[in-house]
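Here is a short tour to read with the structure open beside you.

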Amino acid sequence: MAVEVTGPLHERYDEILSERALELIGLLHRELNQRRLALLERRRARVEEIAAGGSLGFLAETAAVREDPDWRVAAPAPGLVDRRVEITGPTDRKMTINALNSGAKVWLADHEDANTPLWENVVGGQLNLLDAITRSIDFTSEAGKAYTLKPDDELATIVVRPRGWHLPEKHILVDGERTSGALVDFALYLVASGQRQLDRGQGPYFYLPKMESHLEARLWNDAFVLAQDFLGIPRGTIRATVLIETFPAAFEMEEILYELREHSAGLNAGRWDFMFSVIKTYRTRGADFQLPDRNSVTMTVPFMRAYTELLVRTCHQRGAHAIGGMAAFIPSKDPAVNEQAFAKVEADKRREAGDGFDGSWVAHPGMVDTCRRVFDEVLGDEPNQLGKLREDVQVTADQLLDVAATPGEVTEAGLRNNISVAVQYLTAWLEGTGAVGIFNLMEDAATAEISRSQIWQWRQNAVVLDTGRTVTTELVTELADEEIAKLDGDPARYQAARETFLEVAIADEYADFLTLPAYERMP
Ligand SMILES: CC(=O)SCCNC(=O)CCNC(=O)[C@H](O)C(C)(C)COP(=O)(O)OP(=O)(O)OC[C@H]1O[C@@H](n2cnc3c(N)ncnc32)[C@H](O)[C@@H]1OP(=O)(O)O
Ligand SMILES: O=CC(=O)O
Ligand SMILES: [Mg+2]
């Protein structure tokens, strides 16, 4: 059986779904898919061990990698030396132009947390990237506003984030099997745009999400080697920054860098998925691993400090960039809210720059200047802080695991907020939009995962709220209906999201990712 495309073929889709791209997808699938599925199974086995009383920790079998002082990752590639401000966002046409023009050094072109893997987004996003790279992109809004790219030297470097290892792609089959969304996004970009990026003096660069172990990093590295050999481009051409955004990966940062060292462009502290993963991994272990209301878990609580400090030290010891995470505040039309949002983003970036991060993320073009100004002050004339080795940092496994030291309470307002955010986000996601502003915050797949996972854990732990009510299936269902009634428009619009929400927030069997059942509801 061959490689089959079952999704509709719209105008120009043949430029992305080329024979060569499909051939590469076939090769990657046949060589790597069994390993991918086995690694996903391994994730489940680890959660079961933890549920039975086990614990995460640094690995004995990889001690030699951590103890060898001599290895380093590859030197930074062109366009990735100075990464003081990185903007993230989906790859629709208007946002592609806005992000590239934003003044950020890097644009994380997102096919992951900020994207719904609707077929039209999967292929259409790649077309927009191709047009951006060939400088042929433009856009006119319904109101007649025209968008074009600024001159080359003012544009951000493109770094594409493919889907995580867990998501399938149902519109491309190999030998009758669904393919991996991660490998599809990777291969489509590499074949359509990789050489063009090299011709422009940069390269095919990626951000790799949601990995849980160094073995998953090895799988990516093997995909890179296979793809480079297939295309006849030198090994090490592809570069990848790995998001350390799962609890297990925090114990394998050094090993992840090592596996990818020839292709590595550093690590990023993906705080939102990290928080989701903490809840998910220890969800049945009672109060010691229970977090309070989502909005009260800041980056300065002990386990978050431990994780980010260790990340900077690990990266800089190995010559790799350490990139900070996303403050979810976005500009608001309300001046008081706006002032607070900017103050919070500034404080967040100031902490990161002071800790030694080489740059950080913003969710909105309006935040680029704030982040740049803060990093400018700390970097001076240097493009990064790779020389700041942070030898003062010593982080133990116990510090990484100290979730219990997080202050804060679980309130009914927090529960209602989680319900409303999750339902509103799922509604947008099912309609094809993967990032939205809700209650003055950026919400995406990672933040929605926190909301629904907290509810699952609070119900599991029968938490008593500040109002004296206990979190039960009945209470969550009742509050969901109350919160949906407050939303604008026809309540019928929220029905599919309500059903998906209840499935992922209170069903006895915990769904590994909310996007998995949601994807099955999509065409
Ligand atoms: C946990 C994580 O993984 S974080 C990374 C993943 N998440 C993201 O990337 C989210 C990125 N941010 C966004 O998608 C958006 O900022 C949103 C959805 C939160 C808010 O977007 P909007 O509601 O359009 O905000 P707003 O109306 O203030 O936008 C003003 C302008 O900025 C543009 N804009 C806003 N955010 C972005 C962005 N991230 N990239 C490019 N352009 C952007 C808008 O398109 C709009 O353009 P226009 O004036 O030309 O029409
Ligand atoms: O991808 C980033 C995160 O915080 O999650
Ligand atoms: Mg994430």
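In which helix is the place of Glu 120? Glu 120 sits in helix α5, which covers residues 119-133. Please keep in mind throughout that this is a predicted model.

**Glu 120 and its surroundings**
- Glu 120 counts as partly exposed because it has 14 C-beta neighbours inside 10 Å, while a buried residue would need 20 or more.
- Glu 120 and Tyr 13 are 107 residues apart along the chain, and their C-alpha atoms are separated by 9.6 Å.

**Spans annotated in UniProt**
- An unreviewed UniProt entry lists "domain: Malate synthase N-terminal" for residues 3-63. Over residues 3-63 the chain is 62% helix and 5% strand, and the end C-alpha atoms are 41 Å apart.
- The annotation "domain: Malate synthase TIM barrel", also from an unreviewed UniProt entry, covers residues 157-402. That span is 44% helix and 17% strand, with 37 Å between its end C-alpha atoms.
- For residues 410-521, UniProt gives the feature "domain: Malate synthase C-terminal" (unreviewed entry). Here the chain is 59% helix and 5% strand, and the end C-alpha atoms lie 32 Å apart.

**Strand β2 and its partners**
- Strand β2 spans residues 85-90 and is mostly covered, with six of its six residues buried.
- β2 runs parallel to strand β13 (residues 359-362), and three bridges join the two. Within this pairing, Val 85 stands opposite Ser 360 in β13.
- β2 also runs parallel to strand β3 (residues 106-110), to which five bridges join it. In this pairing Gly 89 faces Ala 109 of β3 as its opposite residue.
- Together with helix α4 (residues 93-100), β2 and β3 make a β-α-β unit that is right-handed.

**Strand β11 and its partners**
- Strand β11 (residues 264-269) is largely enclosed by the rest of the structure, because six of its six residues are buried.
- The chain reaches β11 from β10 by way of helix α8 (residues 253-259), in a right-handed β-α-β crossover.
- β10 (residues 239-244) and β11 pair in the parallel sense over five bridges, and Ile 244 stands opposite Ala 269 in β11.
- β11 pairs with β12 as well, again in the parallel sense, over two bridges. Leu 267 has Ala 322 in β12 as its bridge partner.

**Around ligand 1**
- There are 24 residues around ligand 1, and those that come nearest are Thr 88, Gly 89, Asn 98, Asp 113 and Ala 435.
- β2, α4 and β14 (436-438) each supply at least two residues of this shell.
- By class, the shell around ligand 1 holds 15 nonpolar, five polar and four charged residues.

**Around ligand 2**
- The shell around ligand 2 consists of Asp 113, Leu 243, Glu 245, Gly 270, Arg 271, Trp 272, Asp 273, Gly 325, Met 326 and Ala 446.
- The elements giving two or more residues to that shell are α9 (271-281) and β12 (322-326), and α9 gives the most, with three.
- Its residues divide into four nonpolar, two polar and four charged.
- Asp 113 is found around ligand 2 and is also listed among the residues that come nearest to ligand 1.

**Two loop residues with positive phi**
- Most residues other than glycine have a negative phi.
- Arg 135 has a positive phi, near 60°, and lies in the loop between α5 and β4 (138-140). Arg 135 is partly exposed because 13 other C-beta atoms lie within 10 Å.
- Asp 175 has a positive phi too, near 50°, and is found in the loop between β7 (168-174) and β8 (177-180). With 13 C-beta neighbours inside 10 Å, Asp 175 also counts as partly exposed.

Definitions and conventions. Residues numbered from 1 in each chain as written. Chains lettered and ligands numbered in written order. Predicted model: local features only at pLDDT ≥ 70, side-chain atom pairs only at ≥ 80, totals over all residues. Buried ≥ 20, exposed ≤ 12 C-beta atoms within 10 Å, placed from the backbone. Helix = DSSP H or I, 4+ residues; strand = E, 2+ residues; numbered from the N terminus. Pairing = 2+ DSSP bridges. Right-handed = clockwise from strand over helix to strand, strands pointing away. Near = placed C-beta within 6 Å. Nonpolar A, V, L, I, M, F, W, Y, C, P; charged D, E, K, R; others polar. UniProt positions renumbered as here; feature names shortened; annotations may be inferred.
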